[in-house]
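Biologist: Please show me the model, and then let us go through it together. I would like each term spelled out as we use it.

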Amino acid sequence: MTTGAHGPYPARPRRSRLRTLLPLGVAAWLVLEIWLLTLVAGASSGLLVFLILLAGIVLGSYVIKRAGRRAFRNLTETVQQQQAGGPVTPGARTDSEGNGLTMLGGLLIVLPGLISDVLGLLLLVPPVQKAVSRYAERTFERKLREAAAQSPLGDAFAQARMRRPDGKVVQGEVVRDEPGSAPGDTPQGPRPPLTK
């Protein structure tokens, strides 16, 4: 006799497409990288492939080191300006906007393979960096809005975007004050009992 109750184990949530396709994509990328390297080695010599890989490591390390130094220098200048009590000048930020993408490009160049080298070199081009940065920002904001809409706190917290006169966006959270939530406020109605 069945009672209609489910088994002792709840149904597993469905895997996302990214978790399903990412391992396959990485495997296909590795196979393609190895195949391209063997094609280049067959067309020329193994020494040329070795030199290409060595040049990628040297160039990628240089790019990562340079971007890291620039980011650290900007961080140091910002901290010094804040400690001096003066306003933080936005002019120091113009050359540091693509530090993360520059480091990612350097990392892709360091990875052995021709496709990763080409992608890394593309990330070093400023117009490509700006396009990738805008796309990543829009995707992140969309995912954040979707997560806030599904959150039980979605009504309590609202994302606020305020524009300063110089055109910069200031991100923040607006917390809606409920009547009776601040200390000293009198409750609007009877409170439920603490114990039943």
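Modeller: Gladly! Contact, for a start, means heavy atoms within 4.5 Å. This is a predicted model in which local features need pLDDT of at least 70 and side-chain atom pairs count only at pLDDT 80 or more, whereas totals for chains, interfaces and linings use all residues. Residues are numbered from 1 along each chain as its sequence is written, and side-chain values use heavy atoms, with hydrogens and water left out.

Biologist: In what order do the elements of the protein run from the N terminus on?

Modeller: Helices are DSSP runs of H or I of at least four residues, strands are runs of E of at least two, and both are numbered from the N terminus. Counted that way, the protein has 5 helices and 2 strands. From the N terminus on, their order is α-α-α-α-α-β-β.

Biologist: What percentage of the 196 residues of the protein count as buried?

Modeller: Buried means under 20% relative accessible area, exposed over 50%, and partly exposed in between, with a 1.4 Å probe and protein chains only. The accessible surface of the protein, by the Shrake-Rupley method with a 1.4 Å probe, comes to about 15900 Å², and 66% of that belongs to carbon and sulfur atoms. Of the 196 residues, the buried share is 14%.

Biologist: Which elements are included in what covers the buried residues of H3?

Modeller: H3 spans residues 99-110, and Thr102 sits in it. Thr102 counts as buried because its relative accessibility is 10%; leaving aside neighbours within four places in sequence, it is in contact with Val63, Ala67, Arg70, Leu124 and Gln129. Other buried residues of H3 include Gly105, Gly106 and Leu108. The cover of these buried residues includes H2, H5 and helix H4 (114-123).

Biologist: How far apart are the end C-alpha atoms of H3?

Modeller: The expected span of a helix is 1.5 Å times one less than its number of residues. With 12 residues, H3 should span 16 Å, and the model agrees, as its end C-alpha atoms are separated by 16 Å.

Biologist: How far apart in space are Ile64 and Ile109, C-alpha to C-alpha?

Modeller: Ile64 belongs to helix H2 and is partly exposed because its relative accessibility is 28%. Leaving aside neighbours within four places in sequence, Ile64 is in contact with Met103, Gly106, Leu107 and Val110. Ile64 and Ile109 are 45 residues apart in sequence, yet their C-alpha distance is 9.7 Å.

Biologist: Which residue forms a salt bridge with Glu146?

Modeller: A salt bridge is a side-chain nitrogen of Lys or Arg within 4 Å of a carboxyl oxygen of Asp or Glu, and by this rule the count is 1. The two partners lie 4 residues apart in helix H5 (residues 126-150), about one turn of the helix. Glu146 is partly exposed at 37% relative accessible area. With closest N and O atoms 3.7 Å apart, the partner of Glu146 is Arg142.
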